[in-house]
Amino acid sequence: VLESVCFEQKISLDIFEQYGFTIREIRAVGGEAKSAKWLKIRADILGKSIKTLQVPEASCLGAAILSGYALGYYPSIDEAAHEMVKVKSEIEPDEDLYKRYLRKYHIFKKIYPALKKINRELSEISSL
C-alpha cells in the first residue's frame, strides 16, 4: 500500500518534470512525516531527497507565517517563511533501491489505467 501511494506520487512528479518543472526535494508534513519507514520508501521510489520540518503541521505553520507578516513582525511573507520554516531531517534515496523500484514503477504504470475503471466501479457500489 505504501509503495503504491508513492508510485502514484511519482506519476504526478513525472508529469511536472515533463512540463519543465525541476523538483529537487520533497517536503513531508503532517502525519506522513512521522513514519521514517514511509519516508524512506518515498525517497527510494521518487529518487528525491525528502525533508521533514521542525514544525510538521503545515497549515498551522502557514497560519503563523501569515500572522507574523500581517502583524508586522516580518517585512514580507517570504521573509517570514525563511525565518520560520526549518528543516528537521533529510532522507536521501538509495540509488540501488531506486533502480529496483523504477522497474516496479514501470509495471505499476501499466496497471494504473485499468485501476481507474475498477475504482470507478467500486465507488459506484460504495455510494449505494
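Which residues in α2 meet which residues in α5? In this predicted model, the α2 side of the contact is formed by Ile41, Asp44, Ile45 and Leu46, and the α5 side by Leu97, Tyr98 and Tyr101. By class, the contact of α2 with α5 comprises six nonpolar residues, one charged residue and no polar residues. The axes of the two helices, α2 and α5, come within 7 Å and cross at roughly 70 degrees. Helix α2 is therefore roughly perpendicular to α5.

Helix α2 spans residues 36-46 and is mostly covered, with eight of its 11 residues buried. The buried set consists of Trp38, Leu39, Ile41, Arg42, Ala43, Asp44, Ile45 and Leu46. Just after α2, a positive phi of about 70 degrees is found at Gly47.

Residues up to four places away in sequence aside, Lys51 touches Glu25, Ile26, Arg27, Ala28, Val87, Ser89 and Glu90. With one of these residues, Glu25, the side chain of Lys51 forms a polar contact of 2.9 Å.

Definitions and conventions
Residues are numbered from 1 along each chain as its sequence is written. This is a predicted model: local features need pLDDT of at least 70, side-chain atom pairs count only at pLDDT 80 or more; totals for chains, interfaces and linings use all residues. Side-chain values use heavy atoms; hydrogens and water are left out. Buried means under 20% relative accessible area, exposed over 50%, partly exposed in between (1.4 Å probe, protein chains only). Helices (H or I, at least four residues) and strands (E, at least two) are DSSP runs, numbered from the N terminus. A polar contact is a pair of N or O atoms within 3.5 Å; within protein, one must be able to donate a hydrogen and the other to accept it, and residues adjacent in sequence count only if both atoms are side-chain atoms. Contact means heavy atoms within 4.5 Å. Axes are lines fitted to C-alpha atoms, for helices over the stretch in contact, and angles run from 0 to 180 degrees between N-to-C directions. Angles under 35 degrees count as roughly parallel, over 145 as roughly antiparallel, 65 to 115 as roughly perpendicular and the rest as oblique. Ala, Val, Leu, Ile, Met, Phe, Trp, Tyr, Cys and Pro count as nonpolar, Asp, Glu, Lys and Arg as charged, and the others, Gly among them, as polar.
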